[in-house]
Amino acid sequence: MKYFDENPKVVRFLIGLLTVYLFMIAVVTFYRYASAPTDENWFRDSPSRLYVVKYFSGNVAGKISNKLFETYTSYPKDSIQVGDLLLSVNDRTPAGIADVDNIIRQTPSDSLLVIKIDRSTENATIVFKVAKSAISVGAIQAIPPTAYVFDVIEGGASDRAGMKIGDLIVRINSKGFKNVAEADSIMRQGQIGKEIAYEVLRANHLVTLNVTLASFGFPFSLLVFFLSGLLYMVVGMFLALKRPQLKASRLTGLSFLLLGFFMVVILLQRDPLRDLFVQVRAFTMLCSLYIGVALIFHSRYYFPKERPELLSRWWIRLVAYALAVFCIIIGLTIKDASALLGIAVMVLYFIGVSIYSWKQSNPEYKRLSRIINWAGVVSFVSATAIGFLISLTKSQVYFGYMGMVLAIFPLSYLYTIGRYRLLDLDFRVRRNIQYSIVSWVWIVVLAALSFKIFVTLPQTKLNLPNVRLTGASIEILDTPTLPGQQEPFEKAVLMVVAMVLTLAVGFVGRKGQIIIDRLYDRARYDYRRAANELAEVMGTKLGMVDLARGIVEKLSELMKLKRAGVIFFRDECSCCCTETQGFDGTAWKNFCMMSDKKLVEAIQKFKGEFSVDYLPADIKENFRRQEFQYVIPIRSKEKLIGALFVGEKLSESTFRQEDLELLSSTAKQASVAIENAFLYEELAEQDRIKHELDMARRIQEGLLPKKNPVMRGLDISGISMPAMSVGGDYFDYIPLGRKRLLVVVADVSGKGMSAALYMSKIQGMVQLAAHMYKTPKEMLININRRIFEGLERKSFITMILAVFDLQKKEVRICRAGHNKALISTNGKLHYMNAHGIGLGLERGKIFEEELQEIRKPLSKEGIFVFYSDGLTEAMDGQNNQFGEETVHSIVETSRHLRAEELQHSILSSVDKFRGGAEPHDDLTLVVVKTAK
């Protein structure tokens, strides 16, 4: 497949050869069919070989016409006539005369026989109830295979020879036959202009009719079906040869080419002999049908949009081609109805896979393929229904209707390709040209109608009452008027009728033109109403995005634009908002964001609306690529705050002066709305930040311990208070077993959101290290290694870890640059003196050398106070610090209190010291006391 993608010339050559081959077979078939002799009648195999030769009476119990749409509401008494064909007796289909006699003999004498017959002269099936005694011996006889004539072309060769509907052809040129195919072959061996003898059975009389064979002209129904197939072939040839390098075009084109060939030749097979050409054509038809169906199934992998979810499942298309090959083999060996059965199987497989994969397809594929899918459903359902009617009525007139509905499918492809410009093809007729053509056609139709009325009306015979007009009165007479007396009245009536018809034609013409204008988006809009609607949109949209989207949507709706866009500029330098309508504006938005200063400089030069052709070359190219035509600057007090961009109208007509006036008016109204939107966005941004900070604060509070741990032998209380909404302080309690607890206090340099984010990152690392390592020092070494690479060099983290082991009755404390813990283990309160540098300052060696871990026994009434620098560095209004000495003094005097009470005492002292001053740093305090 990749070879064909990379060698389009080879593909075009091969497809060209196939096209020539198929068209040659189609042309020869057409010539053979058109030049073959014909008897100008239609016949089919006789429904029965049991023939009624004697009349016997009975009552009609039901009657069904074999003609479509013809029904019977009453059943007159009738009898079984000579020439009727016996179909069944008592709902049993007899194989011969012996079966009929057996069925009659087995029926009780007092019972009625239910006999169904086919009456060829009425082309109807009739059910009779017949007394057993009414059937005489020999009333029914067996006849040889016959051809049942169900239609005779009026004025044709058979009609001129006296053939009638219902005749049973027994022999042609003294030759019998087994079925209508053999009968048709015998007839085709005759010569145009020469007589051929038909022996027909009519009312139990053998009649010989000499039919002079005529040259065959196409029946309209077959011509329509033939042209439909030709349409398939032309569309397929165009797609396959135009873009052979594209899989979608190549596969779709080949499928239409093959299916179209099958349609072209399927009804033209009336060759007198089965020569080599007929055999080659039959094989080609079989391959075209099944491979064409498999190809159109395969083509949906790529058209109208590539579907990766199907391409990855190669076995689905492999099964389709395997079914095609299998059906070809069956068709070559079994024939008969295998073609229809094979198609049914492949179509069911196609439908099943399509339904299964439809949910997996993306919205873009669904949008592009909507018309094709509906056309396929309509074509398939309609063609199936018409095929069913053909099988019921045996009438080929309905092939024309089948051709019409099947033609919808390739036309839907052309429409989809043209509308969405797929396969790199653009053969769409512009809408303004379409509008002109349709409008002129409508005018011509009205003119022809008016001319017809003008010619017909004077020749119309009016059956008017006898009226005599005088200068003073109108007199209605009982007797005919004298010659010339009725003429003034008739002329007056004709004048009135002419006036009424003229008004009617004018009314229809105006209404029709209004519909055409609406279809082609030519309806004129109310300028004042449009301005009011735009003002309403601008007055109700507060946000920039909503305002921009509302403007382009309403403008596109009112002016019937293919595409429109708007851009807002902040401080005449940056693009703060851009919205588009009518196309995917992703690339356009990127261009606006990257070229905002250039755009401002280019648009500032113009005061009113202008064409994009006046823009600088590089900017103009982007505008042209997005199919914009006009730019309308939006100014507020001579300051450029935005611009409107409009593309072509849906009608593809030029912009009128009133269109440009509406755009200028819209720009003036938009200036005030945009300024208001800027103010609204600023207020909304402040509210958003406040809301996000509030959420962050609640999240951070959720990360900290919600309650103090309860552990026998320890009394613990901790709290963290950020200076802002969120902070960088962190404390935690991590159980390491039933009698071991890790207390963590950390401080990220700085404060606010950045510090809070680092704090949340540190929490996870501490949780992991706490369960991997035994001592605080090992934990800190591991945490430092992991955080060094992910921390900005200007930031660092201080931390202190304390592992309380109640089983060993000891505590291990290690600090990494953090504030010294205030402890008392032997009754003496002092600050713990241990070395250590902050986390993230050094990769590892120096950090490990500086890090010092101390071990202290857990004695009764032991005190451990862990805190962040927000405690000791708390400031009053004169920038005096709270200090370590003050903390030492408070703890010394309040050491008898419980942990929570001691914590409260410290914080109360800080609040009293600070007075009304705002906290300048986060404050965290954890108090641990050993219980008595």
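**Entry 1: two helices**

I looked up how helix α2 (residues 8–35) and helix α7 (residues 247–266) lie in this predicted model, and I found that their axes come within 10 Å and cross at roughly 10°. Angles under 35 degrees count as roughly parallel, and α2 and α7 are therefore roughly parallel to each other.

I then listed the residues that make the contact: α2 contributes V11, I15, L18, T19, L22, I25, A26 and T29, while α7 contributes R250, L254, L257, L258, F261, V264 and V265. Sorting the residues of this contact by type, I noted twelve nonpolar, two polar and one charged.

**Entry 2: the sheet**

Next I followed the five strands that form an open sheet, which run in the order β2-β10-β11-β12-β13 with antiparallel pairing. I reminded myself that strands of a sheet pair through backbone hydrogen bonds, either parallel or antiparallel. At the edges I found β2 (41–45) and β13 (205–212), each of which has a single partner strand, so one side of each is left without a neighbour in the sheet. I also noted that neighbouring strands of this sheet are turned by 40° against each other on average, with direction ignored.

Conventions: Residues numbered from 1 in each chain as written. Predicted model: local features only at pLDDT ≥ 70, side-chain atom pairs only at ≥ 80, totals over all residues. Heavy atoms only, no water. Pairing = 2+ DSSP bridges. Helix = DSSP H or I, 4+ residues; strand = E, 2+ residues; numbered from the N terminus. Axes fitted to C-alpha atoms, helices over the stretch in contact; angles between N-to-C directions. Parallel < 35°, antiparallel > 145°, perpendicular 65-115°, else oblique. Contact = heavy atoms within 4.5 Å. Nonpolar A, V, L, I, M, F, W, Y, C, P; charged D, E, K, R; others polar.
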